[in-house]
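Keep the 3D view open as you read.

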Amino acid sequence: MGDEPLSGPELPYVEYSTDPQIINLNFNTILGDGELYFANPSFKLLITNYWDIPSRFRFTDFYYYEEENSEAIPLTGSVVDDWHDITGPSNFGDSIIYEIVMDTTTSNIDEMISALPHHLSFGADLETIPGDPYNLPPGSVNKLSVEVNIPLELSLSNILLTDTMDFSLDVNTDSTKINSLTINFAAQNGFPLGVNAQVYFVDENYTIIDSLFSERRLDLKPATVSNGIANQTVDTEESITITADRMDNILEAKYLIPHILFSTPDANTTQVKLYSTYEFGLDLSAMIDVEITL
């Protein structure tokens with residue numbers, strides 16, 4: 001309220017502007033070189049007002065940044081451009097909740113969420129609506145909460161999942177010789193997500209010394225889709241044979257690093273819906289040719 005009293009017979013006009021607020025998200029590391037689009041996300045800001053002071057505000061300079069030092073991209077739409085009137089409660093000690101909905105009808109929130117930005121920046125202009133008697137109890141605090149709704153209706157391409165795992169085959173090479181190892185994959189994919197996978201074997205210095213698939217990556221086709229919904233499981237069968245010379249590399253490996261790329265069908269034009277009823281099955285079998293010296 002600046003220099004104005006906290007209560008009185010007639011609310012004066014008071015204006016206030018906040019400095020830009022920065023919210024660091026650090027989501028940008030998730031995306032890598034892939035692309036992701038959420039079709040219908042929404043944010044709901046809930047302002048619980050305990051103050052008998054009718055006022056209004058609007059956002060200023062609402063931007064998102066894809067990388068830490070990248071150019072600012074504006075959040076646009078009526079939710080940013082319009083003033084939002086916040087009325088006071090009817091009785092002293094009560095509160096009133098005001099909702100601000102950011103969705104695809106009021107903003108380009110889908111673009112902002114899909115960018116998985118590094119950080120957000122926004123400010124606000126606030127002003128009272130003068131005239132009526134008012135009362136602001138000293139020390140009282142309004143509350144702000146956020147509801148986020150991101151339905152799993154999306155498209156994506158080349159979204160990478162990777163990790164580093166300890167690995168060691170406890171084989172006595174003095175008495176055992178592995179001539180070859182054949183691994184058979186049989187996958188039943190009921191998800192509208194294609195999977196392109198490779199597994200790297202690395203040494204104690206994290207240097208790649210071999211990979212599970214030598215000529216090409218494992219390619220699991222997505223389920224067929226109609227109107228964004230998976231309607232038919234797709235089966236994929238693959239066999240990989242690892243020869244004796246490659247087995248020497250694998251026996252020396254200390255870590256595994258899987259690289260798994262996810263994509264949806266027609267990612268540039270179609271969004272798919274993910275449901276808990278979708279299923280994925282994977283059967284593995286192996287045949288090993290071993291010589292053992294007794």
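Phe185 stands opposite Glu238 in strand 22. That strand and strand 16 (residues 176–189) pair in the antiparallel sense over 10 bridges. Here strands (E, at least two residues) and helices (H or I, at least four) are DSSP runs numbered from the N terminus, and two strands count as paired if DSSP finds at least two bridges between them. As a reminder, strands of a sheet pair through backbone hydrogen bonds, either parallel or antiparallel.

A word on the source: this is a predicted model, where local features need pLDDT of at least 70 and side-chain atom pairs count only at pLDDT 80 or more, while totals for chains, interfaces and linings use all residues. Residues are numbered from 1 along each chain as its sequence is written, and side-chain values use heavy atoms, with hydrogens and water left out.

Now widen the view to the open sheet of 3 strands, whose order is 22-16-25 with antiparallel pairing. Strand 22 (234–243) and strand 25 (280–292) stand at its edges with a single partner strand each, so one side of each has no neighbour in the sheet. On average, neighbouring strands here are turned by 10° against each other, direction ignored; the axes behind this angle are lines fitted to C-alpha atoms, for helices over the stretch in contact, and angles run from 0 to 180 degrees between N-to-C directions.

Another open sheet of 3 antiparallel strands has the order 9-5-12. Its edges are strand 9 (96–102) and strand 12 (143–149); each has a single partner strand, so one side of each is left without a neighbour in the sheet. From one strand to the next, the twist averages 20°. Strand 5 (residues 42–49) runs antiparallel to strand 9, joined by 7 bridges, and Asn49 stands opposite Ile96.

The rule asks for a side-chain nitrogen of Lys or Arg within 4 Å of a carboxyl oxygen of Asp or Glu, and the count comes to 5 salt bridges.

For a hairpin, look at strand 20 and strand 21, with 2 residues between them; Asn227 in the turn has a positive phi of about 55°. Strand 20 (residues 224–226) and strand 21 (residues 229–232) run antiparallel and are joined by 3 bridges, with Val225 opposite Ala230.
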